[in-house]
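Notebook open, structure loaded. I wanted to know how the chain is put together before doing anything else with it.

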Amino acid sequence: MFYSIDRFEGNFAVLISDEDGSSVTISRELIPIEAEEGGLLSLLDGKYIYDPEETSRRRKRLFMLTKKLSEK
């Protein structure tokens with residue numbers, strides 16, 4: 001399961017679950033420093049891990065879908 005970083009609010013990060021769309025607010029200190037808004041995190045053994053490859057893959061997919069829609 002992945003969580004996307006929806007936004008940062010001060011010292012907190014708001015994450016959205018890709019499983020059910022629920023949100024969770026956690027301390028910003030619990031996520032890797034290189035993670036950014038829109039980035040994807042997985043939860044492994046109680047620790048949030050940033051996944052740049054999955055983030056890139058999904059951004060490319062979203063770009064292609066948006067491009068297809070704009071061509072119609």
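**Fold and core, looked up**

I began with the helix: helix 1 (residues 52–71) lies across strand 1 (2–9), strand 4 (40–44) and strand 5. Against strand 4, helix 1 runs at about 140°.

Before going on, I checked confidence, since this is a predicted model. The protein chain averages a pLDDT of 94, and 99% of the residues score at least 70. Helix 1 has the lowest mean pLDDT among the elements, 91, while strand 2 has the highest, 98.

In what order do the strands sit? I got 3-2-1-4-5, five strands in an open sheet with antiparallel pairing. The edges are strand 3 (23–27) and strand 5 (47–50), each pairing on one side only. I noted an average twist of 40° from one strand to the next.

Then I went to one strand pair. Strand 2 (residues 12–17) and strand 3 run antiparallel and are joined by five bridges. I looked up leucine 15 there: its bridge partner in strand 3 is valine 24.

Which residues make up the largest nonpolar core? I found 11 in all, including Tyr3, Ile5, Phe8, Leu15, Leu41 and Tyr48. Strand 1, strand 2 and strand 5 each supply at least two residues of this core. Strand 1 gives the largest share, three residues.

Last, I picked tyrosine 3 out of that core and listed its contacts, skipping neighbours within four places in sequence. Tyrosine 3 touches Leu15, Ile16, Ser17, Val24, Gly39, Leu40, Leu41, Leu43 and Tyr48. Both partners of the bridge I had looked up, leucine 15 and valine 24, are on that list.

Technical notes. Residues are numbered from 1 along each chain as its sequence is written. This is a predicted model: local features need pLDDT of at least 70, side-chain atom pairs count only at pLDDT 80 or more; totals for chains, interfaces and linings use all residues. Side-chain values use heavy atoms; hydrogens and water are left out. Two strands pair if DSSP finds at least two bridges between them. Helices (H or I, at least four residues) and strands (E, at least two) are DSSP runs, numbered from the N terminus. Axes are lines fitted to C-alpha atoms, for helices over the stretch in contact, and angles run from 0 to 180 degrees between N-to-C directions. Contact means heavy atoms within 4.5 Å. pLDDT is the predictor's confidence in each residue, from 0 to 100. A nonpolar core is a set of buried Ala, Val, Leu, Ile, Met, Phe, Trp, Tyr and Cys residues joined through side-chain atoms within 4.5 Å. Buried means under 20% relative accessible area, exposed over 50%, partly exposed in between (1.4 Å probe, protein chains only).
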